[in-house]
Amino acid sequence: MAGEGEGVVFDIQHYAVTDGPGIRTLVFLKGCPLRCAWCCNPESQRRGPDLRHSAPRCRGCFACQAACPGGGVSREGGRPVFDRARCCPADPWACVEACPQGALSRVGEAMSADRVMARVAADKPFYDNSGGGVTFSGGEPFAQASFLRGLLERSRSLGIHAAVETCGCADASDVAASAEQVDLFLFDLKSADPACHEALTGASNDRILRNLRFLSANYPDRLLVRVPLVPGFTDSPENLSGIAGLLVELRVTRVELMPYHELGRDKYKGLARPYPIPTPRPADLAASAARAVSVFRSRGIDSTVGGV
Amino acid sequence: MTIADLQTPAFVPREVRGLPSSPGTAALKQRYLSSPLMVDVEYLRHLTASHRRTDGLETLERRAEDHAFALEHLTPVIHPMDRLAGNKTRFIRGAVPYANYAAGPFLREIRRQEQDAQQKVAEQGTGGGIALARERAEQEGLTVLSGKFLISAEDLEEFKDLCGYWEDRCMMAAGERLWKSSFVHGAFIESGWTVGLYTAPHDPCPEGRIVLDFETALARGNEAILAEIEERISGFQPRAIPEARSLYFWRAARRALKGALAFAERHAREAERLASVEKDPARRIELLETAAACRRVPRHPPRTFREAVQSFWFTYLLGHLEGAHLGYSPGRLDQVLHPWFVRDGGVSFDEAVTIFEELFVKMTQIEYIASMSWQGLGHGNLFQNCMLGGLDAEGRPADNEMSLAILQAQINMQMTQPTLSVWYDDSLSDAFLMKAAECAKTGVGYPAFFNLKTYVRHEREASGLPESVIRSHAAMGGCTEPTLQGMSYGVVQAGFVNHGKLIDLTLGDGLDPVTGLRLFPPRPLSTYEDVEASYVENMHAAVRRWQQYWNYVMLAHRETVPLVFCSVFVQDCLGRGLCMDDGGAVVNRTPTTLSSGLVNVANSLAAIRRLCYHDRVVTLDELRRALADNWKGHDLLRKKALAVAKWGNDDDEADAIFLRLFDDYCRWVAGQDNYLGCPYDPSMLAISTPVPFGKVCAAFPDGRRAGEPLADGVTSPFPGTDTHGPTAVIRSSGKVDHARIRGGLLNLKFHPTALKGEKGSRNLLALIKTYFDMPGFHVQFNVVDSEMLRDAQAHPDRYRDLVVRVAGFSAYWVEMSRALQDQVLWRTEHGW
């Protein structure tokens, strides 16, 4: 786990261009209070590090089994199976070290804010020339609220445009404390209806709606609401109408629609978790996006299809 | 685990797909795509006929006489639909086999062909025109030559005779007579070829990397130039050697120009003949226009834009015919043609686009046949580089309507030739730069972007010319080597030094681990510093001997195949009375020493330093055993080797090694003078050398397995080792002092989604600007997605016009070798 002043980061991606303006660096923070079935970063959900196994790279040599001090690796059809509950706390990554093929990896690294920002700041000339900056994503960045605050403070003092991609499920005090240092909130809204939201994500949208109200009232120019269009989950006309109604009430006039993709599908296999969503037909996705655009337009909300 | 290596999304169509602007140019492109590759011996036939009867003439005069004689006898061919007159061969896609440069390799090829009619050529592509050639060969009783070219049985017999004539007379034979019995390191060079330390012998030593003075050619017209030559001849009295020899050059120049005028006139007559029998009145008018243009240019300055293009094409083509060129380039075409576009007044922008489309089909129809080794290296690409934008003499942005028209023409056509490049400066117009980004997004692999500031600094230091001259003449001789248009020596193409093989030889104590040949004495390797010093000493010896060898080759070039026609259009050959081979050009520091694979050296040294001397997880001997086993049974050690930080991640430790080696290479190269008495210019390119060079190399300490390709480009990271994204690649590359070398190459590959829309174009331009502020020198982009490429491998026929950028040039994807296709795929996927 992370030490004093450190956060858990599971990826840093340079030349990111879809989460905010210009050329950006995306910093992915680990941990999320929601459990959306369609999450494309399932490895982001737990706060602590995860063990990931890549089946295509594995040659079934069982060096991992020999290395595991806790006996957490068993055989099944010539391939290793990992009992993640038995990962030995004394030497939890012995299997990763021992794997000659690089099939095992550890997801999530403890990093200091300074180390993260050194990576981010290295691309400052790219941000300056493109109007870009850094985007803190996740997971839910506010799940590591004090670490995030440190990152935002450093971004501000380095003169780097900072965006936060959030699901909004955060303590109001944390959001309020950081808001001044955030140049852009990419606010991911799944549903306006509490029961529906709980069914979709495993959590109530109480805090989410409170934070959305706070930001739309106080920082309307720094807020971009984004709605994922997950077939069979969030893209029903009722759900979208509910969101549109809320946005009208909050005087939010523009929304970005995020068509579904299944880039995360393989990750579930690596984490030994099932993936619950059947592959949709491209035509259905296009139809869903067109429907969504018209729902928002009918309520006077300008919508763009983005995120890809 | 990163997000990046999980991104293998489904098919994403390319955002920009152009279409020919007219049914005519669409038909021209289609005709090109469906034509087989032919060898045409006609030029060689006439050249040889002349050579048989010119024994005794002075070298330059004889060369000019033979070339001019050929021009006066070549069949003038105007294919249906053609409006621009003049082809290099009688065929749509044809190559001239220059046996006068090197006959031996062709003879060997013919003999091999006879022995094994069913030969399978492993490392050339099999799709597209090549597949067509093989099909036609079977149906029509033609012979496949050099893997992909067709030749009729009759022509093959004649070709054999012609090669026999040249076997002892060609440049290669003259060179071998010279260096084999006088160069003390001759045996070393031959060993170097055997182990793959150098590109194969100079068969048939290509010319190239030259841009002629088209501005003067168009503005003055050949008649005025001829008059100037006449004046020089009549006003000259030979008094003292060597100045007295100027007379020979001027006489030769006069002969070459007269041949050129005859060539144009023969095309005028042919166009008139065709017009007289043409039924279609519209086509008849076209042919009469063509005839009128051929009567007018290149003798006189053009009257219309179309005549200006015809005049350019004649001069360009006749220079191209004279030598076995690679990297012979059109240069600043937008600058050369813009005044004629403005003057014409009657021609619209759209019409100009269509005319450029015609021209670019013409340029792509020129094929290149050489020994298999060179063909394999170039993948048939001629490296005709057209530069756009840049600055004028006063330092004002030079992009104009023709820059846009040329970009639009290639967006529409996506021909492999000419490859387009942008001389980048911050002051260029937004419309032009956005159009350039749009062209890059077609996935065609061009334009490449070059930083003019960096080159100006290099050329100022190299030649001492004023900035205004460098700015207004800056062009590109071939893929990534800048040169001054109409002012610089065209290079007798130097081969490459394989840095990868030097890793093999250094770790092998001077012995080549693949062949067992000894090239260097053993040197101590007990500390890391020893290992690096040993590589450097070996590199020094390999480079110096290679340079010295090339000076013998250039000397033999002077005595056998000096370029006379081309010299007329290079300043200040006429003024000095010297051809380029005698130092007539204003700048004679263009010959470069080429090498590739330095990234693998830096990565390997970084791994050795970490694993053997710093962390001490393995001894050097144990590491060498793992390499000898090609990493088999050493997976865990290989994983550790791969994990050591590599070049291209902005890692100071790895980058420091690369920068140190780069610096030493530049310094060392300049320590040797070329044949013209100027220091060799350091350069690094790649073209396709990473594939053949990698093929001959054993496993490397950086984790690369035996036979795998080396890193492509010059500062491009080794595939799969750039784990910190494109900006880190650029930060590493930006640490290099690019002004020290003539050339340099950074390939970046992007998935189309990274460049989507106007925002994507703006980001791309911001990335270029950031790199050039560092200052970088060159960057080019592959916009591909892996699904598309994989599908192209499975179904080449569906991707006939798919073009991909590889190491400094474009070639049709389906005509590239599988090994090279795999390299591109591998880069795309970033997966070890």
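I started at B:Ile406 and skipped its neighbours within four places in sequence: it is in contact with B:Leu333, B:Asp334, B:Phe356, B:Cys386, B:Leu388 and B:Leu420. Contact here means that the C-beta atoms of two residues, placed from the backbone, lie within 7 Å.

A note on ground rules before going on. This is a predicted model, where local features need pLDDT of at least 70 and side-chain atom pairs count only at pLDDT 80 or more, while totals for chains, interfaces and linings use all residues. Residues are numbered from 1 along each chain as its sequence is written, and chains are lettered from A and ligands numbered from 1 in the order in which they are written.

**Cores.** I looked up where B:Ile406 belongs. It is among the residues with the most contacts inside the largest nonpolar core, which has 315 residues; the others named are A:Val27, B:Phe149, B:Ala253, B:Ala256 and B:Ala602. I take a nonpolar core as a set of buried Ala, Val, Leu, Ile, Met, Phe, Trp, Tyr and Cys residues joined through C-beta atoms within 7 Å. Buried means 20 or more other C-beta atoms within 10 Å of a residue's own, exposed means 12 or fewer, and partly exposed is in between, with C-beta atoms placed from the backbone. The helix that gives the most to this core is α22(B), with 12 residues. A second, separate core has 11 residues, including A:Cys64, A:Phe82, A:Cys95 and A:Leu104. In soluble globular proteins, nonpolar side chains tend to be buried together.

**Chain B overall.** I counted 33 helices and 19 strands in chain B. Both are DSSP runs numbered from the N terminus: helices are H or I with at least four residues, strands are E with at least two. Of the 832 residues of chain B, 61% count as buried. Among contacts in chain B with a separation of 6 or more, 79% join residues 24 or more positions apart.

**α22(B) on α25(B).** How do α22 (528-560) and α25 (598-614) of chain B pack? The angle is about 160 degrees and the axes are 10 Å apart. Axes are lines fitted to C-alpha atoms, for helices over the stretch in contact, and angles run from 0 to 180 degrees between N-to-C directions. The two helices are therefore roughly antiparallel; under 35 degrees would count as roughly parallel, over 145 is roughly antiparallel, 65 to 115 roughly perpendicular, and the rest oblique. On the α22(B) side I noted B:Tyr528, B:Val531, B:Glu532 and B:Tyr535, which meet B:Val601, B:Leu605, B:Ile608, B:Arg609 and B:Tyr613 of α25(B). That contact divides into 7 nonpolar, no polar and 2 charged residues. For the classes, Ala, Val, Leu, Ile, Met, Phe, Trp, Tyr, Cys and Pro are nonpolar, Asp, Glu, Lys and Arg are charged, and the others, Gly among them, are polar.

**α21(B) on α25(B).** Helix α21 (499-507) of chain B also packs on α25(B), at about 35 degrees with axes 7 Å apart. Here B:His499, B:Gly500, B:Leu502 and B:Ile503 meet B:Leu598, B:Asn600, B:Val601 and B:Ser604.

**Between the chains.** How many residues of chain B touch chain A? I found 28, in contact with 24 residues of chain A. The largest share of the chain B side, 9 residues, comes from α31(B). By class, that side has 11 nonpolar, 9 polar and 8 charged residues.

I then checked peptide bonds and phi. The bond from B:Ile241 to B:Pro242 is cis, with omega near 5 degrees, and B:Pro242 is in the loop between α10 (222-234) and α11 (246-277) of chain B. The bond from B:Met774 to B:Pro775 is cis too, with omega near 0 degrees; B:Pro775 lies in the loop between α31 and β17 (778-783) of chain B.

B:Gln414 is not a glycine, yet has a positive phi of about 50 degrees. Is B:Gln414 buried or exposed? It is buried, with 25 other C-beta atoms within 10 Å. B:Asp509, in the loop between α21 and α22 of chain B, has a positive phi of about 55 degrees. B:Asp509 is partly exposed, with 16 other C-beta atoms within 10 Å.
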